Structures are given as structure tokens and as C-alpha cells.
Amino acid sequence: MSTAEADQDDIPLFAASRKVYPQSVSGPFRRAKWLILVLCLGVYYLLPFLRWDRGPYLPNQAVLADIANNRFYFFFIEIWPQEVYYFTGLLILASFILFLMNAVAGRVWCGYLCPQTVWTDLFLAVERFFEGDRRERMRRDAEPWSVDTLWRKTAKHAVWLIIAWWTGGAWVLYFADAPTLVRELATFTAPLSAYVWIAILTFTTYALAGIMREQVCKYMCPWPRIQAALTDDEALNVTYRYDRGEPRVSVKQAAKLKAQGAPAGDCIDCFQCVAVCPTGIDIRDGAQIDCIQCGLCIDACDTVMTKIGRPNRLIAYDTDGNVQRRLAGLAAIYRPVRLRTLVYAALIAVVGGAMLWQLATRSTAGISVLHERAPLFVTLSDGSIRNAYAVRLLNKRPEHRPFALTVSGLPGIRIEAVGIAPSADLRPVVTVEPDSSREVRVLVTVPAGVALAPSQAITITASDLFAGETVRADDHFIAPESHR
């Protein structure tokens, strides 16, 4: 074996993670991230306590997954288990929105809206409060343990655990009445499942946002790999404009080179873009799967450029194609509106519109009809033909509802329900209990003398006597071949 081959075999297949110490930074992108963090966490933590009046017998929590009663409430929307397709539609809608965001500005979701990013930013803020900024944290970790280091790290982890605990607790509040569950949790009378789930979510939040941090984005999350396959050359990404930045020299050296007429880039190799990066990469090395497109390196670089009197946006949301165009003396081209983004926007509009239409036109009642198979029909002594059906009525409201049954489609056709006395107008009235369904056996009869095909369409209608809501189901009336 040659020396080169031996050296190649000695290359480790695993590299230990290097701890990242992100430095604090100020600027428009950092302020945008703080604003989004406050809004997202405010909604997450406070939404379970928001009330919404739905009337008597219904919960008044604005957002509630009522597992015990098979309901999901979102303000004025009430979802039944049979309507699980709404959640499917929401997942499809979220996917297309994510694809659109990627087509416009790369991993902007990861940099600003991803829960991992939001909670990691909060945990980093707590860490800076107790242990100081980048250099202080690095110094503390390099020095032997002291009383000062011990209390600061203990306090940091304690606050992390409190945030993680409340994160898990807030999630559980979406599955029960929030004020009631908080009281039960405080008095240790809540269901065991609530404590178990809070413990699980406390551990995962603490581990992912406090300990693992950028490792989640680099290795656990599948989106960077998917995004890399979906992106194109027109998508804006955080880009080091090497047409301006190279060659990298210090401020003094740049002045000397420019005086001599030699090229000198705007990048002074200060490494501030690396210091503030939450994943610890150097954006000047080009596009990398570890970059979450948060824009903090843009703020750091702009701060340096302002101090040395050079134009901002040496690092900016741009495309590598534009860098190449500027090197060739051409104007940069930005095309946020193009075929890809238009297709995604159209798909979002179609899916969203379909869901809104379905919500606006859906019914709080339902009916299904199943023709009995044995026998398909019965010829009565007076020559009339009778078919039997199993009719199931569904009531999605929290009160009793009487439904009057009628049938149409053939001359003289009439309907009766087994075990239910007809009303004054000869319509059988079936009462369905709240939040339930009821099946009745229905007999449909056509008088003698009516010309019938072997199979003819009929419609069975159920009308709510109080609410006025009507539902229908189509089936077939079966007759003997000789009944024509």
C-alpha cells in the first residue's frame, strides 16, 4: 500500500462538533428577528387563554383540540373527525408556501420563522445575559471552574429549564381548557398524561434549543437537503459579493494598494461575519448547506463597512449569477416574479380558495343512504313496490335536532321510517342527539300502476325542522323487470 493510500485510509469518518459562540449584533435583520420572535412566542404562549364565545354547551377557548369530544376549534371554525381533509389541505398549503419562500429568498423560513431558530435565539439571549458576549463566554469555558462561573451557568440552565417547561406546558394547554388545566397543574390534580407530555416537551426544548442548537439545523433537519434540490439560480440567498470584496486586505494595506493603482477589495478580513453566525460558518466560502439565511452576517458586515467608510451590503441577499454579471460589467438582474413563483402562488391560491369554499358551504348535518340487498324489492298485495334502505343521519351541533324525511324522483312515491310515527303531514321525523348520528330503517313505496324501470334514481331528503338546514342523498329504486 502506498503512503498516499495509507494516509487516505486514516481520514476519520466522524468529526467532533465544534462549539459555536455567536456574537451579539445589531441591525435591521437582527431587529426583524427580535420582532418575529416576540410575535411568535407571544402567540404560542398566550393563544390558549384567548376566549371565543360559541354559544351554550360549547367550549369558549379560541383554539382547542378537544380530543375527548372529537373536535378541533379554531375561533369560529369547528372541525369534525370526518373533516380531517382540512388538516391535509393545511399541510399542502404550508408546503407550497414554504416552496414559494424558498424560490424567493432561500432558507428564509429557517432564518426567521422556524421554531428551532426562534427558541435558540431566546436561549442565546439568556446565555448572554448570564455569561456575557462571545469573548467572555469563550474565556469562561477556557478557564478552570470558579464560583462565579458556577452560579452563572447554574442560573442560565435554570432559566432555560423554566422556558422549556413553560413551552411544554403551553402546548398541553391547547388540548384542554387552559385556565382550568393551569389550576389543576398547580394543585397536582391534572391527568397524568399532562405531566408526561410536559416533561417530554421540556426535555426536547431544553436539549434542542439549549444544547444542540446549530446541530439540529446541520444534521437533524431534512429541509436544507430538500431546499437545495428546490432552489434555482434566481432565488436570493445571503451572498458574499466577492466582486467587491476580493482581494481581502487590511484598511492600511488597501490604501497603499489603491495609491499604487493595484486592486484592493472592501473585505478587511475582520471575521465579524463568522463571529455572529449562529452555525459558525464563513459566508465568504460561498453557498453552504449550513447557512440558515438569517442575515446576521449582513448586519455585522454593514457595521464594519460603516466604521471604515465603505458602502454597505458587501454581504447581502443576492445571487451568484449577479456577482458574475457585475464582474462582466453587466447590470444585476432580480426576478422575484417568474414562472416558478407564479406557479407556487397559483397553487396556494387554488388550495386556499378550495378550502375556504368548502368551509363556507359545508353543512352541520349529513345523510348517507344504503340500499338493503336482501331482498332488493318487495311486491305488496296491492301491486305496489317497496324498497328498504338504511338511512344514517349525522348531527354536528350540540343540541337535539329533528329531521323530517321526504323522498322524490317517482310519481306517488312515499316514505316511512320503521318504529317512528309519521307527523301530521305524513313525513317521518327522526330526532338525532347532539354530536352524534342515528341510523333508521326506511321503507320507500311506489304505488301500483306507475311505470318503473328496473333501476331508477331517487333522492331522500332530511330537513331540520328548526334550523332549516337540508341534506340529500341519492340512491336507486329497484323494480322487477315486468313492472313497466
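The largest nonpolar core here has 30 residues. By nonpolar core I mean a set of buried Ala, Val, Leu, Ile, Met, Phe, Trp, Tyr and Cys residues joined through side-chain atoms within 4.5 Å. Buried is under 20% relative accessible area, exposed is over 50%, and partly exposed is in between, with a 1.4 Å probe and protein chains only. The residues with the most contacts inside this core are Ile367, Val391, Leu393, Val444 and Phe477. At least two core residues come from each of strand 6 (365-371), strand 8 (385-395), strand 9 (401-408), strand 10 (414-417), strand 11 (429-432), strand 12 (436-446), strand 13 (455-464) and strand 14 (470-478). Strands (E, at least two residues) and helices (H or I, at least four) are DSSP runs, numbered from the N terminus.

Before going on, two notes on the source. This is a predicted model, in which local features need pLDDT of at least 70 and side-chain atom pairs count only at pLDDT 80 or more, while totals for chains, interfaces and linings use all residues. Residues are numbered from 1 along each chain as its sequence is written, and side-chain values use heavy atoms, with hydrogens and water left out.

What is Val391 in contact with, leaving aside its neighbours within four places in sequence? The list is Ile367, Ser368, Val369, Arg438, Glu439, Val440, Val442 and Ile460, where contact means heavy atoms within 4.5 Å. There is also a second, separate core, of 28 residues, and Cys110, Cys277, Cys301 and Val304 are among them. As background, nonpolar side chains tend to be buried together in soluble globular proteins.

Four strands make an open sheet in the order 11-9-13-14, with antiparallel pairing; two strands count as paired if DSSP finds at least two bridges between them. Strand 11 and strand 14 are the edge strands, each pairing on one side only. From one strand to the next, the twist averages 30 degrees; the axes behind that value are lines fitted to C-alpha atoms, for helices over the stretch in contact, and angles run from 0 to 180 degrees between N-to-C directions.

Within that sheet, six bridges pair strand 9 with strand 13 in the antiparallel sense. Phe403 has Asp464 of strand 13 as its bridge partner. Strand 13 is joined to strand 14 by nine bridges, again antiparallel, and Ile458 stands opposite Asp475 in strand 14. Strands 13 and 14 form a hairpin with five residues between them, and Gly468 in the turn has a positive phi of about 80 degrees.

An open sheet of three strands, also antiparallel, has the order 1-2-3. Strand 1 (63-66) and strand 3 (77-79) each have a single partner strand, so one side of each is left without a neighbour in the sheet. In this sheet the twist averages 10 degrees from one strand to the next. Strand 1 and strand 2 (residues 71-74) are joined by four bridges, with Ala65 standing opposite Phe72 in strand 2.

Next, the rings. How many aromatic pairs does the structure hold? It holds 18. Rings of Phe, Tyr and Trp (its six-membered ring) pair if their centres lie within 6.5 Å; planes under 30 degrees apart count as stacked, over 60 as edge-to-face, and the rest as tilted. Tyr44 and Tyr45 have ring centres 5.3 Å apart and planes at 65 degrees, so they are edge-to-face. Both Tyr44 and Tyr45 are buried. Trp171 and Tyr174 make a tilted pair, at 6.2 Å centre to centre and 50 degrees between the planes. Trp171 is partly exposed at 41%, whereas Tyr174 is buried at 12%.

Lys33 has its charged end over the ring of Tyr112, 5.6 Å from the centre. Arg284 lies over the face of Phe271, 4.7 Å from the ring centre.

Last, two exposed residues in helices. Leu35, in helix 2 (residues 28-46), counts as exposed because its relative accessibility is 54%. Phe129, in helix 5 (residues 115-131), is exposed at 66%.

Note on methods: A charge sits over a ring if NZ of Lys or CZ of Arg is within 6 Å of the ring centre and within 35 degrees of the ring normal.
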